[in-house]
Amino acid sequence: MATPTDVIPPAPSGGAPLPPMTFTAPEGFFALPLAGTPEERAALADTFVRELYSRGDESIWTPAAPYYAAIAEYMAEQGLAYSAMGLFSTDEGGVAQCAFTVAAVETDQTDPDVAAQGILSALGQDALNDARWMDLPCGPAVSCVTLREFKLGPEVSATGEEANLPTGQIQVHVPFPNGPYTAVFTLFTASVDYWGEFCDMVVAILRTVSFTGSGEAAGEGAGEAAGEGVPDEAGSVERGREQEHGRA
């Protein structure tokens with residue numbers, strides 16, 4: 001079941017008030033326990049580890065909870081409003097994984113179109129970026145896809161020999177329509193065999209993005225987004241095999 005998620009990113013000190021934002025997170029996402037106080041993080045971390053390690057017991061949950069609470073504290077300090085691990089079963093009996101984060105960045109623009117044009121221009125200056133314009137139900141956005149390969153040393157590779165690890169990152173910048181901020185959605189994965197499915201999943205999430213007061217309802221367009229590739233005007237993301245919404 002997809003989960004509606006209310007996100008209120010922390011506004012920079014002295015910055016303009018940051019309006020709330022919502023989006024729908026797909027089934028298979030395990031949200032890290034980001035919260036404002038240690039007590040809230042501890043409670044959320046306890047729930048998180050029980051869901052993540054659903055077949056475990058106290059011997060696993062008890063030491064794992066403080067670890068994830070500490071990670072969540074660090075991420076919150078870096079300005080992240082939402083962070084999740086995506087775990088999806090594959091037809092081959094394996095698991096496809098991804099990391100997904102959402103943050104808000106303060107800008108000097110209150111016009112979403114002007115902000116998006118500036119982002120597109122800035123990202124396009126890097127030859128390794130495939131940056132494209134997107135039109136979402138909530139307004140204009142800019143997608144940026146980067147595919148890179150990392151070299152693994154023999155001490156960390158599965159074979160004990162040097163190996164190459166291909167990775168993919170999809171980052172989408174969505175200017176707030178009601179404040180000088182841009183929401184940055186980032187998905188990173190080394191499960192590139194399921195790149196198309198992850199692309200479709202990002203599209204489905206983006207089409208549920210809503211900003212309070214913008215006139216868009218959370219979840220609007222989510223059904224039609226399932227299984228679709230990014231529109232042609234943002235062709236940096238490939239169409240993958242059609243799958244159930246949120247599953248790779």
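User: How many residues does helix H1 have, and how far does H1 reach from its first C-alpha to its last?

Analyst: Helices (H or I, at least four residues) and strands (E, at least two) are DSSP runs, numbered from the N terminus. The expected span of a helix is 1.5 Å times one less than its number of residues. H1, residues 38-52, has 15 residues and reaches 20 Å, close to the 21 Å expected. Please keep in mind that this is a predicted model, where local features need pLDDT of at least 70, side-chain atom pairs count only at pLDDT 80 or more, and totals for chains, interfaces and linings use all residues. Residues are numbered from 1 along each chain as its sequence is written, and side-chain values use heavy atoms, with hydrogens and water left out.

User: Which residues of H1 are buried?

Analyst: Buried means under 20% relative accessible area, exposed over 50%, partly exposed in between (1.4 Å probe, protein chains only). In H1, the buried residues are Arg41, Ala45, Phe48, Val49 and Leu52. They lie on the same side of H1, because they cover an arc of only 90 degrees around the axis; the arc is that of the directions from the helix axis to the C-beta atoms.

User: How many residues of H4 are buried?

Analyst: Helix H4 covers residues 195-206. Here 12 of the 12 residues are buried, so H4 is largely enclosed by the rest of the structure. Among them are Trp195, Glu197 and Asp200.

User: In what order do the strands of the open sheet stand?

Analyst: Two strands pair if DSSP finds at least two bridges between them. The 7 strands of this open sheet follow the order S3-S4-S5-S9-S8-S7-S6, with antiparallel pairing. S3 (29-31) and S6 stand at the edges with a single partner strand each, so one side of each is left without a neighbour in the sheet.

User: What joins S6 to S7?

Analyst: A hairpin does, through 2 residues. S6 (residues 130-136) and S7 (residues 139-152) run antiparallel, joined by 7 bridges. Asp130 stands opposite Val145 in S7. On to the next pair: 11 bridges join S7 to S8 (residues 163-175), also antiparallel, and Ser143 stands opposite Val172 in S8.

User: Which strands does helix H3 touch?

Analyst: Contact means heavy atoms within 4.5 Å. H3 (residues 112-123) packs on the sheet and touches S6, S7, S8 and S9 (181-189).

User: How many disulfides does the structure hold?

Analyst: A disulfide is a pair of cysteine sulfur atoms within 2.5 Å. The structure holds 0 disulfides. Cys138 is buried at a relative accessible area of 10%, and Cys199 is buried at 0%.

Terms used: Axes are lines fitted to C-alpha atoms, for helices over the stretch in contact, and angles run from 0 to 180 degrees between N-to-C directions.
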